[in-house]
Amino acid sequence: RRRWHNLRMPGRRLALVAFCLLALAVPGAAVPAAHNGASAAATTSVLAKSFVAIDADEGRVLIARAERARRPIASLTKMMTALVAISRTTPNEMLTATNYRGGLGESLLGLKPGERMSAQDLIKGLLLESGNDAADTLAAGTASSRAAFVAAMNRRARSMGLLRTRFANPIGLDSPNNSSTASELAQLARNALKVPRFSNVVARQHATLRSGSTTRRITNRNPLVGKYPWAIGVKTGHTMAAGYLLVGAAEKLDAKVISVVTGEPSEGAREGDSAQLLRYGRAFYRPINALDKSRAVLAIPVQY
C-alpha cells in the first residue's frame, strides 16, 4: 500500500501527461477545429421546427434549435424497428410476410401475404424503401405480437436514455404516443450507426433484394446518399402531422456528424437544411499531425 502511495509524485504526473500525448499520436487524426461563432449564420435559413447536429463519436451538440421539443417522428420510427429486429434475427433468417394493407400514399415494399424474405432484405426494404409492410412483417415475425414488439422498442429506448421518446407502432403512423425529440433522434442514430447491419444499409444508394418471390431493385429515399460523397445515411420520414423529417449523417476523415431536422415544410427544405447542417458539422474537423513519431517527446525519470 505504501509503495502505491509513493508513486503519487510529480514523476507519475509527468508519466500521465506523456501517456495522454501519446494517445493523440494518430497520423491524420480528425480533431475539432476552431470555430469563430458561425452558428447563428448557419441556422438563419433553416426552416425546420427543430434541429440538431452532433459529433457522433462523443455525442457533443454542435448546433441546435428546439432540439428537446417533442414532435411526431413518422418513419424515423423505423430506425428503432430495425435495431430491435436486427437484435432478434440472423441476416439469412427467413420471415413470412404479413397481410399488411397500407392506406393511400403509404410507402410499401410490395410484399405478398405469405411471401418469404430474409431478415436482412426486409431490413433493407425497411430502411431504404421505408416499406411499411416490411416493418409490419419484421414486428410480427420477431415477437409474439405487434404490441410485444412495440414494448421492446420502448424498452430499448429507455436503455439508451431516450426518456422523451415513445413508440406506438413499428411503422411511424401518426399517434400521440409516437414521438421524440431532435436531440434523442440524433442519439438513436448515433447508436444505430454502430451496428454494421444497420450502417451498411443506410449508406447505400441502391440494393437488390433476391430472397423474396421476385427480385426487387430498390433505391434509398434519402436524397443525401449518392448526391454527396460524404453522406452515409440515415433515414427520411413524412406524415401530415409530422411534416418532412430527415436524419442525416456525414463522414470526414475518421469523424462522423449526425443531423436531424423535423417539421420541415417540403422535401427540398429537409434536404437543403440537412446538407447545410452536415456541412457546418464537418467544418469542425481537420487533419493534424499531433506528434512526429521520429522525435522523442519527453524523457521521464520513473521511480522504482
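Which residues form a positive surface patch? The points below answer this and cover the rest of the chain.

1. **Basis.** This is a predicted model, where local features need pLDDT of at least 70, side-chain atom pairs count only at pLDDT 80 or more, and totals for chains, interfaces and linings use all residues. Residues are numbered from 1 along each chain as its sequence is written, and side-chain values use heavy atoms, with hydrogens and water left out.

2. **Positive patch.** R70, R88, R155, R158, R164 and R166 form the positive surface patch. Patch residues have over 30% relative accessible area and no salt bridge, with like charges joined within 9 Å. A salt bridge is a side-chain nitrogen of Lys or Arg within 4 Å of a carboxyl oxygen of Asp or Glu. Lys and Arg count as positive, and the charge of Arg is placed at CZ. R155 sits in helix 7 (residues 146-159). R155 is partly exposed because its relative accessibility is 44%.

3. **Whole chain.** The protein chain has ten helices and 13 strands. These are DSSP runs, numbered from the N terminus: helices are H or I of at least four residues, strands E of at least two. Of the 304 residues, 50% are buried. Buried means under 20% relative accessible area, exposed over 50%, and partly exposed in between (1.4 Å probe, protein chains only).

4. **Helix 6.** Nine of the eleven residues in helix 6 (residues 132-142) are buried. Among them are N132, D133 and T142. The cover includes helix 4 (77-87), strand 5 (94-96), helix 5 (119-127) and helix 7.

5. **E106.** This residue lies in the loop between strand 5 and strand 6 (116-118). E106 counts as partly exposed because its relative accessibility is 25%. Leaving aside neighbours within four places in sequence, E106 contacts Y100, N132 and L173 (heavy atoms within 4.5 Å). E106 and G131 are 25 residues apart in sequence, and their C-alpha atoms are 8.2 Å apart.

6. **Backbone points to check.** A cis peptide bond joins G233 and V234, with omega about 15°. V234 belongs to strand 10 (residues 231-239). A74 is not a glycine, yet its phi is positive, near 50°. A74 lies in the loop between strand 4 (71-72) and helix 4, and is buried at 1% relative accessibility. S130, also not a glycine, has a positive phi of about 60°. S130 lies in the loop between helix 5 and helix 6, and is buried with a relative accessible area of 4%.

Conventions: Patches are made of residues with over 30% relative accessible area and no salt bridge: like charges are joined within 9 Å, nonpolar side chains (Val, Leu, Ile, Met, Phe, Trp, Tyr) within 5 Å. Accessible areas come from the Shrake-Rupley method with a 1.4 Å probe; for residues, only the protein chains shown count as cover.
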